[in-house]
Amino acid sequence: MTMNNSYALITGASSGIGAEIAKKLAQKGYNLVLTARRTELLENLANEIKQKHNINVDLISKDLSKYESPKEIFDFCEENNYSVDFLVNNAGYG
């Protein structure tokens, strides 16, 4: 079941709670935009989700502690015509 053009944007998606939320939303058919600092982990997660579910998964590696990152993520979604229905703001700084 694909939610068509419905997207969930998940920050801090490379591991832990963010990765698990991504998997659960994929099970429900949401397309995903995943973002975190660690590109390799995002790529691994995106590949895993794509293999299990018939959804679109895109990623953008950004560090949200950088001032410009939120705008760059917004622009990325706009440029790709992603209709983001909700945000899982999970990025953290430890």
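This is a predicted model: local features need pLDDT of at least 70, side-chain atom pairs count only at pLDDT 80 or more; totals for chains, interfaces and linings use all residues.
Four strands form an open sheet in the order 3-2-1-4, and their pairing is parallel. Strand 3 (57-61) and strand 4 stand at the edges. Each has a single partner strand, so one side of each lacks a neighbour in the sheet. On average, neighbouring strands are turned by 20 degrees against each other, direction ignored.

Strands of a sheet pair through backbone hydrogen bonds, either parallel or antiparallel. Strand 2 (residues 31-36) pairs with strand 3 in the parallel sense, over five bridges. Val 33 stands opposite Asp 58 in strand 3.

**Helices on the sheet**

| Helix | Strands | Angle |
|---|---|---|
| Helix 1 (residues 16-27) | strand 1 (6-11), strand 2, strand 4 | about 170 degrees to strand 1 |
| Helix 2 (residues 39-52) | strand 2, strand 3 | about 175 degrees with strand 3 |

Helix 1 lies across its strands. Helix 2 packs on the sheet.

**A loop residue**

Where does Asn 81 lie? Asn 81 sits in the loop between helix 3 (69-79) and strand 4 (83-89). Most residues other than glycine have a negative phi. The phi of Asn 81 is positive, near 55 degrees. Is Asn 81 buried or exposed? The relative accessible area of Asn 81 is 66%. Exposed means over 50%, so Asn 81 counts as exposed.

Conventions:
Residues are numbered from 1 along each chain as its sequence is written. Side-chain values use heavy atoms; hydrogens and water are left out. Helices (H or I, at least four residues) and strands (E, at least two) are DSSP runs, numbered from the N terminus. Buried means under 20% relative accessible area, exposed over 50%, partly exposed in between (1.4 Å probe, protein chains only). Two strands pair if DSSP finds at least two bridges between them. Axes are lines fitted to C-alpha atoms, for helices over the stretch in contact, and angles run from 0 to 180 degrees between N-to-C directions. Contact means heavy atoms within 4.5 Å.
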